[in-house]
Every structure is written in structure tokens, then in C-alpha cells.
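The entries follow in the order in which I made them.

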Amino acid sequence: MRGSSASGRYDGLLFAGFAIATLLAPLLLAPFGAGYPDLLQRFAIYGIFAIGFNILFGLTGYLSFGHAAFLGVGSYAAVWMFKLLSMNVIPAILLAVLAAGLFSLLVGFVSLRRSGIYFSILTLAFAQMSYNLAYSVLTPITNGETGLKVELSDPRIFGGPAGGGLPVPEIFGVDMHTTTDVALFGFNLQLNVGFYVCAAFLIAAFYLSMRIFRSPFGMTLKAIKSNQNRLNYTGINTRPYALTAFVISGMYAGLAGGLLACTDPLAGAERMQWTASGEVVLMTILGGAGTLFGPVLGAIVIKYAENIFSSFNKAEISSFYSFLPDGLRDAMTSMTAAFVGDGWQLTLGVLFMLAVIFLPGGLMEGLRRLAFWRRPGGEPEETAARRPAE
Amino acid sequence: MGIVVIKDLNKHFAGLHALRDVNLEVEQGTVHAIIGPNGAGKSTLLNCFVGRLVPETGSITFDGRSLIGLRPYQINQAGVSRVFQTPEIFGDLTLLENVLIPAFAHRDGTYRLNLWASLEGEGDVRDQALQALEDVGMAEFRSVTAETLSRGDKRRLELAMCLVQRPKLLLLDEPTAGMSRADTNATIDLLSEISETGITMVVIEHDMHVVFSLADRVTVMAQGTPIAEGSPGMIKGDPRVQEAYLGAAPA
């Protein structure tokens, strides 16, 4: 089997490349001004969220608009573990994944009775319901508007109230906020424990997703997207397959939510809002739904754009346009200001529309086109190969 | 007793009596054609058989087992594979993947959480799938995306997808509909090769050329009920059939 070993080697290289790039992220992203722990953690966490979402949406084609609910459940579960058991992140993450998995089993069981837009609306309704419940009825669990956080009075079993300040999440005694500064190639690299915990989970999440993509199970999920009718007459019960994919992606979301709580031990209901659910859809589509690496790329681009565009303020824009006459300068400033600061989502919207119109396969398709454009051979012809008419 | 026994089957759609007391028996190892004018109930009968529609009364027995109330995927697992009027394939997947999916379904049943195995590692199923593609003469296109195939080749692929499951019964709903003459003849040749392996086939067909080239036995339906049954030769000469069906079409 010559072909099999070749594709196995390709996957091995892809995975090794991904793992190395993730571990070197503080160095690789430093030239972009994105090499600091807080942003790197967000890249890794939302990367996990998007990889999981892609297992559902990219493979089966079921578009969920409620995945933020599972992220929120994961966060709440993790914070409760901090409050009641210990500040170690491992049990918190385990409970986060488990709780999100159970909740997604419930939501998926009901929502997957319908497909297409009805499925999307059902998941959206569930997520908004969770959001509103977290705000009101479930206040004893979620602490309502204030959000759930670690407090001095928590009845923690292991490592009770620490003397002085609030305890911080740790992994086997090492504080998640520990950062070592290293000077390399003229950059001051901040190697942060919290980021490397997230990175380890990201690499594991990517590996699992790669295995699923290459497995008979993953192929069946692709067949659900391609032709569900044929699958029914091929002896396959599609619903448990779709439900499994839904639960797996829900657990990925729970993992992401748990990690969010591990880097900053608080959880609020706004994490479950529909905008958060929409964000992961944008990440996956922008990067390239159904591709292995696309969702991570989409997550990085969106979180980076958020970071850049939301940081500008009016004074900075005004000084940027300082070469213009006063009247024009004011007009340009107020027009541009709508797209930055609090209005950064407008920029995101424009970016997203451009991507969907010009690159329906997402950024991964853009990279692929670039690769073939640089090579004189041109477009790949394999899909165009046809049998001559007899 | 035939492999398929249908007794007193009835099905209504609103005011329309689509199937009226249908009785039909298909012998093991034969090619049984069902013909009749539009609206005769052929497709309704097929849909009742595969579990898409549920008849109001009557019984359907396949290989000694009642199929009433079973879901389409359960009926497939019982040994019935079907070919659609418009080929139903997995357009975004490669030819090999198209055949691997039914091959896995045949081995693993209706559901299996097989997410740690790799496709390359499943050598047996892979070999079966490649053999099935070979049998319909398409093995060299295994890496081509199925959507790009011509109508006739999609039909070949669909047949490979059915045959890889080693079904006891193959159902064909107008297998040559919309095909060129060349594709039609190639399909007829392929189907007669398949029937020589001893597999039972039920063919619903409009094209008399196809029916008389393939069928061992023919049932003629009109207005929801079988009106005649016999060998192709007998059916050709039956005046009732001439009246109900053949008379309307140029011979």
C-alpha cells in the first residue's frame, strides 16, 4: 500500500508542524505584536472551540447557532470546581468537559430531530434559554449578573483559604500566571504556564480531530453532509452519528470554556449569548469549514483583529488623518471610528463578507490558491479527470 | 415460497387508492420486472417495500421476515439494496469513499463509533471496496470526486455501492432513465452480468428494450393493482397488457 504510507506520512508531518508552531507561538507571533500570554491563550482556547465546532459543522453540515451555551457550561463547571474542590486546573477541566458533554447530549437529542434551518433555530433557542436562565432563575448556581468567581469564603476541600489575597488556578503547584521572560532574536518572549497548558490541550484537540477526519466514523459524517438519503438506504442510522458528532463538539466547547476559567477564574452569562455562538461560526467559515487547520486559523485571525481594531480610539485616528484639511479630517475620523473601538465588529463583518464572496472555502482556500498560483503547473486537475464517453 | 412475498397490500394518498390488494411473489435468483403506465403504483409499491411509506393493510415478507414497520436502514441491513431513478451517490466524496461507506455499513451495522481506526488500516474493507469498483470497471477512477461523473458512470458507481454489500435482493427503479443509448446498453450488459451471479433483482422500468433484455418474469400493474404476470413472451402477447400499457406506446 504505497498510497497509504504516503498519506500517513503527510498527516504525521502536518501534525508535527502544527505542534511545533503551537509551542513556538510566543516567538512566531512576537513580530505581529501578538506574542503576549493573554492573547496567545485566547488564540489557543478559541482554536479548540473552533476545531470542535468544525467536527460538527465541517463534517456533517449541521449548523449549530448555540455552541456558546456549552462553552458557558464549561466555564461555570470549572469555577465551581475551584470553589469547592481545589485550585488545580485538571479536575476543573475534567468536570467542564463532562458537564458540557451531558448538556450537549440533551440539546443534541432534541435538536437533531430536525435538520437544516430548523436545527439551527432549535440550537439557538436552547442557547438563548441557557443565557436567560443563567441570568435569572439559576442565580444560586451562576451568581446572575455579577458572574461566578472565586472568593475568599469558598469552602474549598483541598488548599483552603490562602492567607492574604484570592487564590489563583494552578497546575500541580505551579501558578497559571507564572511567566518567564526570555530574550531571543531581539524579542522579549514571555513564556507563560497558562499558555502552555492551553497549547497542550490545543495540540491534543487537533490530534483527535485529525484522527476523526481520517476514520471511518469521520467519513460517515462527511456522507451525512453529502447525501443523507443515500446513507439511510445504505444501512446506516444517521441520527446517532450526528448526535455523537454533536456531543464531541460540545465537549470541545466545554474544554474551551473550562480553559477560559483556568486562565481567569470567573464565568459570566454573557459567554453564552448568541453573539458568542455566532463568533465560532464566523471563525470556522472564515478559516475554512471542513478543513483541519482552517478553524484554528479563523480563530487566530478573528481574535487578532478584535485585539487590533478594538484598541484604536478617536484621538489615534485623528492623528492618523493629520495630513488632511480640518473639515475632511473630522469627517474621515468619525467615519473610520465607527469601524474601530467598540465598533470593531463592523470591520469583522466586512472581512467576513469579503471572505465569503471571494473565498467561499475560507482562508485555507486562499492559501491553496496562492500555492498553486506560485507554481507554474497551475490548478490541480485531479478533480477534472473524467471518463471519456463510450 | 419466493424470497419476496407481498400479500393484500393497500395504500391510500388522500382520496387516491394508490395500491389495491397487491399480491406479488418474487422467486429467488430471478430478475422480476414490474411495468405499467404512469400512476400505476409501481413506485408506491417500491417505497412501501423499502420502508419509506407504511402501507395501511397487508404484509411484506422478505427472506421469511416481515418488513412492515422497519426503517429503511434496517431493511438494507436485512439484505435489500436499492438503486434510485436518479443516481444517489455521495457527490463530494471520492469513488473509493463512496463504496467504502456501504462496505463499512455491511460489516459494522447501523452504527459504530469507529473513530480511532484509520481508513488505510482497514485493509479488508478497502480490498472489498476496490474489488467492487473493479467489478463495474471503475477502479482506476477511485480518487475522482463522484460529482464529476457522467450519468451512466454514476449509475455504475451506485451499483458498486449496492453490490459491495452482497445484498440478497437488488431493487432498481428505472435504472436507465435519462441515459443515452450507449449508456443504456452498457447498463443492460452490466445488469445481466450481475444477474448471472444469482442475485435476485426487482426492476421497475418504462423502457421495453430493457425489460425484455433482462427480465425472467414480468408483472404488469395498472391503477394500483397487478393485472397480468408471466414470462416476457407471454406479456408481449397479452391483450389486457396491450390495452393498458403497450398499446399506448409505439412498438
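**Entry 1: the interface.** I began with the contact (heavy atoms within 4.5 Å), which takes 51 residues from chain B and 34 residues from chain A. I note that this is a predicted model, in which local features need pLDDT of at least 70 and side-chain atom pairs count only at pLDDT 80 or more, while totals for chains, interfaces and linings use all residues. Residues are numbered from 1 along each chain as its sequence is written, chains are lettered from A and ligands numbered from 1 in the order in which they are written, and side-chain values use heavy atoms, with hydrogens and water left out.

I then looked up the buried area, the accessible area (1.4 Å probe) that two parts lose on being put together, summed over both. Chain B and chain A bury about 3,700 Å² between them, and 59% of this is on carbon and sulfur atoms.

Entry 2: I found one salt bridge between chain B and chain A, the term being a side-chain nitrogen of Lys or Arg within 4 Å of a carboxyl oxygen of Asp or Glu. Its partners are Arg230(A) and Glu158(B), at 2.7 Å from N to O.

**Entry 3: elements on the chain B side.** I listed the elements that give two or more residues to the side of chain B that touches chain A; among them are α4 (123–135), α5 (151–163) and α6 (181–196) of chain B. Helices here are DSSP runs (H or I, at least four residues), numbered from the N terminus. The most comes from α3(B), with six residues.

**Entry 4: Thr184(B).** I located Thr184(B) in helix α6 of chain B. Thr184(B) has a relative accessible area of 4%, so I record it as buried (under 20% relative accessible area, 1.4 Å probe, protein chains only). Not counting residues up to four places away in sequence, Thr184(B) touches Thr176(B), Met179(B), Asp207(B) and Val210(B).

**Entry 5: aromatic pairs.** I noted 16 aromatic pairs over all chains. Rings of Phe, Tyr and Trp (its six-membered ring) pair if their centres lie within 6.5 Å; planes under 30 degrees apart count as stacked, over 60 as edge-to-face and the rest as tilted. Phe53(A) and Phe57(A) are tilted, because their planes stand at 35°, with ring centres 5.9 Å apart. Both lie in helix α3 (residues 37–60) of chain A, four residues apart. Phe53(A) is buried at a relative accessible area of 0%.

Methods:
Buried means under 20% relative accessible area, exposed over 50%, partly exposed in between (1.4 Å probe, protein chains only).
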